[in-house]
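Please look at the sequence and the structure shown below. The paragraphs that follow take up a few parts of it in turn.

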Amino acid sequence: MPKPVIIDTDPGIDDALALLLAFGSPELAPVCITSVSGNVDVDTATDNILRILAHIGPDPAPTVARGAETPLEKAPEHATFLHGIDGLGDAGGELPDPRGDDAPGLSEEHAVDSILRHIEQSPEPPVLVALGPMTNIALAAQKAPQTLRHLDRLIIMGGAVTVAGNITPAAEFNFYVDPLAAQIVLDSGLPITLTGLDVTRKARLELRDLDACPDTPRTRLVQRITSSLFTHSQETEGTESIPLHDPLAIALSFRPDLCSTRELPVQVETRGEICEGMSLADRRPVLPRLKDPPNAHVCLDLAADSFLTLFRERVLWEQSLSSEAQTRT
Ligand code: BDR
Ligand code: CA
């Protein structure tokens, strides 16, 4: 039986790739996709989810629900410098109309209620994967903490425990945008896997992977939405590869063996002037009783080749899709 999965996301180029991986993986049954303000504003993120689903054409279609417009306390911040004004590398126009016949309808429920309802109604404990700022998840944890206890696992793309940040020297983008939400979620007592820049920076798609794949509607789409990101990586890092942050979090929902983890106490800086949003894990070699108890399984290393093989097969070569599930453009 495929595992029920709920995905909270802010597409976002790598979020879009993560959705392609989720729906291309027979181990998963994505039942609910919710939007949150992050890479782009929440309405653009919601439209992007609908566009991507119209491209994929999943049957059954998941519920799509719009989430928080703003972080819990901060003003919204976006990453359009990286993801484009439309959040999809300014190539979102290549995708179907979010309100066209191929797109699923948008639920009238708020994302928080939709997440909670899907957990309550799920025949088995679902996995929740958070690919954007933690705002919706924190609101759900505050509204119905008992319901969240039915989760099998919460997988978070966020933080940077042993490496530098990306949006600031100290902080990873998702934690920086809503640090308070990240801290509330880490304090929730849920079974958390923290997939931060420590491992997602090692999960890289090479430009030559795209050159080597067949010419299909899918690969043309991936090429167009990632083009500006490859240019950015070339200019800033001198590499011809891009990090697959959010796809790695999806992969871990059915291939937890891809990362080695360590249980650690992790805190988020919520009030700092220069370290706002920084994730600080207590890795000191001291007696456990002298530290806070662990609150997350933190991913520290990645079997990068195995992950990339999986991503290439499922997203670029569409090898796990049945013939009925051909993509549409
Ligand atoms: C995270 O920030 C966003 O820009 C990406 O979509 C990813 O979720 C990486 O720091
Ligand atoms: Ca994201």
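Asp209 is buried, its relative accessible area being 9%, and that counts as buried because the cut-off is under 20%. This value, like the others here, comes from a predicted model. Asp209 belongs to helix H10, which covers residues 207-211. Leaving aside residues up to four places away in sequence, Asp209 touches Leu308, Arg312 and Leu316.

The next point is a pair of helices. Helix H12 spans residues 245-252 and helix H13 spans residues 304-316. The two pack with their axes 11 Å apart and at an angle of about 95°. Angles of 65 to 115 degrees count as roughly perpendicular, and H12 and H13 are therefore roughly perpendicular to each other. Which residues in H12 and H13 meet? From H12 come Pro247, Leu248 and Ala251, and from H13 come Phe307, Leu310 and Phe311. By class, the residues of this contact between H12 and H13 are six nonpolar, no polar and no charged.

The cysteines come last. A disulfide is a covalent bond between the sulfur atoms of two cysteines. How many disulfides does a search of the whole structure find? The search finds zero. Cys299 is thus one residue to check: the nearest cysteine sulfur belongs to Cys259 and is 4.0 Å away, and Cys299 is in no disulfide, because a disulfide needs the two sulfur atoms within 2.5 Å. Is Cys299 buried or exposed? Cys299 is buried, with a relative accessible area of 1%. Cys213 is buried as well, with a relative accessible area of 11%.

Terms used
Residues numbered from 1 in each chain as written. Chains lettered and ligands numbered in written order. Predicted model: local features only at pLDDT ≥ 70, side-chain atom pairs only at ≥ 80, totals over all residues. Heavy atoms only, no water. Axes fitted to C-alpha atoms, helices over the stretch in contact; angles between N-to-C directions. Helix = DSSP H or I, 4+ residues; strand = E, 2+ residues; numbered from the N terminus. Parallel < 35°, antiparallel > 145°, perpendicular 65-115°, else oblique. Contact = heavy atoms within 4.5 Å. Nonpolar A, V, L, I, M, F, W, Y, C, P; charged D, E, K, R; others polar. Buried < 20%, exposed > 50% of the residue type's maximum accessible area, 1.4 Å probe, protein only.
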